[in-house]
Amino acid sequence: MTLNLFRLALVFALWVGLTALATAKPQHGIAMHGDPALPPEFAAFDYVNPDAPKGGALTIAEYGSFDSLNPFIVRGQTPRGLREWVFDSLMRRNHNEPFSLYGLIAKSVEVPNDRSWVRFTIDPRAKFSDGHPITVEDVIFSLETLRDKGRPNHRSYYSKVMNIEQPAPDQVVFHFDTALQDREMPLILGLMPILPKHWYEPREFSATSLDIPVGSGPYQVAEVTPGREILYRRNPDYWARDLAANRGQYNFDTIRVNYYRDTSAGFEAFKTGLVNLHEEQDPARWATGYNFPAARKGDVRKLALPHGRPSGLRGLVFNTRRPIFADPQVREALSYALDFEWLNANYYHNAYRRIRGYFDNSTLSAAGQSLPEAADRLLRPYAGSLPDALFTEGISPPVTDGSGRIRANLRKAKKILNGAGWAVQNGELRHLAGNQPMTFEILLVRSEDEKLALSFARNARLLGADISVRTVDSSQYEERLRNFDFDMIIYDWYASLSPGNEQLYYWGSAAADQPGTRNYPGIKSAAVDAMIAHLLDARDTQTFTAAAQALERALSAGHYVIPLDYLPVDWVGAAATLERPEKTPVYGYDINSWWQKADN
């Protein structure tokens with residue numbers, strides 16, 4: 001009987017394997033949920049001008065500094081655009097779909113129904129910028145190098161590959177750890193940057209370097225002034241320039257990135273024509289600062305470009321590794337010291353919207369409403385460790401009347417603090433059991449954030465807290481973030497319409513003590529971990545949406561961040577010589593699809 005059962009199990013396993021092979025077919029693209037929106041014969045993405053002229057120059061401003069041309073390691077600061085413009089991936093993302101990829105270096109992709117493996121077939125035309133062909137050996141080298149020596153997110157993602165096969169000279173198959181049931185992995189591998197083995201293998205990959213790299217993308221590094229400027233030049237021999245996924249894009253002959261001390265200096269460069277595109281972040285400047293001569297003459301345009309991105313999470317971040325922030329009640333109480341309505345009216349011209357949830361501004365959010373039934377079912381097993389409010393309207397940020405008088409909110413904060421064992425003694429807020437004062441520093445890197453931080457600090461001092469605000473240079477700031485050496489920061493986590501593995505890197509318990517990850521609050525929550533797992537395992541859009549909504553609620557339960565604001569549009573100041581397509585993709589404007597007027 002046992003032998004018969006064994007034979008049946010073996011036959012079943014063989015049948016499952018053969019079925020997977022039979023149902024897996026080479027495809028031109030892949031979507032996280034369902035099928036890609038574009039057919040195999042698509043000519044170009046629908047948010048580009050496929051006939052956009054080539055030529056001209058784009059100059060943009062960046063802030064801080066850079067000291068390395070290796071964007072794949074934690075050490076060093078790399079310049080803007082290096083990863084995007086110099087290194088191609090196996091596949092290319094369509095910014096008008098939640099998460100769909102189309103052929104680039106890989107001309108086709110193949111996955112079984114359970115996504116336990118993925119097969120890529122390399123385009124025989126693919127080559128690096130020095131003319132060397134891109135081979136399966138380069139793809140395998142890229143994965144193994146990034147897995148063993150790359151950034152923490154690369155190490156985490158690519159370690160899920162259990163086995164690699166090369167069934168044909170132009171094909172590579174990655175098999176995943178089936179116990180993880182991570183359906184996003186084929187797409188994660190599709191976005192893996194492909195490195196030239198012949199160039200990187202003789203070098204120490206883990207070291208910072210200013211050697212000009214050999215890449216596989218549309219641009220090459222042409223000139224470098226460390227810390228100050230980098231010039232990218234379009235590769236005239238770029239093999240993939242006419243592929244459907246690239247048509248109408250990468251139109252400028254050169255892209256120059258100039259580094260400035262801060263956004264004020266960068267804006268001055270824009271006003272004088274040293275920069276011809278300025279991504280505006282300052283609402284006061286957007287409202288009142290564009291009355292300079294070039295703007296009055298029409299040489300500069302203000303563009304408010306709508307988008308459909310989730311808000312993400314920008315906020316004042318508590319480092320819960322610090323003893324004073326270990327108690328969620330303390331974190332909740334301090335949230336009452338932020339007067340967002342007053343700040344928005346007096347500093348930001350009422351331009352912003354308050355973030356109510358991590359996926360606000362999208363269907364992935366349930367902010368401000370009762371938790372939908374499907375999301376409730378996912379979160380309900382953790383009800384014993386979560387506030388009851390999560391299952392009704394959720395936890396919303398405190399609101400004021402905008403007058404600047406927040407006594408009612410401070411009274412609520414004081415009541416919560418008293419319940420958590422804190423009280424004011426001689427004008428100083430202290431924890432009664434440990435006699436520990438409420439003293440902490442808000443660490444900043446942008447001078448523009450100082451007035452916000454100082455306003456919060458002033459209000460919190462009315463509770464007896466002693467708060468200092470310190471702005472440091474970008475290199476020191478990044479080093480302290482990397483090692484979680486801060487009390488509080490202002491940080492902005494980007495969110496997509498298809499959140500996935502990066503959520504482990506942002507909020508997962510395993511990332512909390514791993515330097516270099518973005519779990520800056522130090523979150524260790526079984527509920528959060530479980531909701532991320534549901535997110536990664538979702539097979540359809542309905543289940544995926546429910547998991548995202550449940551994750552949003554689980555994150556709000558811990559009061560890890562005091563939510564700030566988001567914009568439903570992108571503000572861009574652009575020289576009149578720059579043109580853009582009529583349609584803006586759902587993720588927001590894509591500078592790679594812009595071009596310069598042919599007569600300039």
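Modeller: Buried means under 20% relative accessible area. This is a predicted model.

Colleague: Why is W571 called buried?

Modeller: W571 has 8% relative accessibility. The cut-off is under 20%, so W571 counts as buried.

Colleague: How do you know whether W286 is buried or exposed?

Modeller: Set the value against that cut-off, under 20%. W286 is at 11% relative accessibility, so W286 counts as buried.

Colleague: How many aromatic pairs are there?

Modeller: The structure holds 38 aromatic pairs. One of them joins W286 and W571.

Colleague: What makes the pair of W286 and W571 stacked?

Modeller: Their planes are 10° apart, and the centres lie 5.4 Å from each other. Pairing needs centres within 6.5 Å, and stacked needs planes under 30 degrees apart, so both conditions hold.

Colleague: Which elements does this pair link?

Modeller: W286 belongs to helix α8, W571 to strand β24. They are 285 residues apart, so the pair links distant parts of the chain.

Colleague: Why are F486 and Y520 called edge-to-face?

Modeller: The angle between their planes is 70°. Edge-to-face takes over 60, so the name applies. The centre-to-centre value is 6.3 Å. Both F486 and Y520 are buried.

Colleague: What does the pair of F486 and Y520 tie together?

Modeller: F486 lies in the loop between α15 and β21, and Y520 in the loop between α16 and α17, so the pair ties together parts 34 residues apart in sequence.

Colleague: How do you know that the charged end of R380 sits over the ring of F391?

Modeller: The charged end of R380 is 4.0 Å from the ring centre of F391. The distance cut-off is within 6 Å, alongside an angle limit of within 35 degrees of the ring normal.

Conventions:
Residues are numbered from 1 along each chain as its sequence is written. This is a predicted model: local features need pLDDT of at least 70, side-chain atom pairs count only at pLDDT 80 or more; totals for chains, interfaces and linings use all residues. Side-chain values use heavy atoms; hydrogens and water are left out. Rings of Phe, Tyr and Trp (its six-membered ring) pair if their centres lie within 6.5 Å; planes under 30 degrees apart count as stacked, over 60 as edge-to-face and the rest as tilted. Helices (H or I, at least four residues) and strands (E, at least two) are DSSP runs, numbered from the N terminus. Buried means under 20% relative accessible area, exposed over 50%, partly exposed in between (1.4 Å probe, protein chains only).
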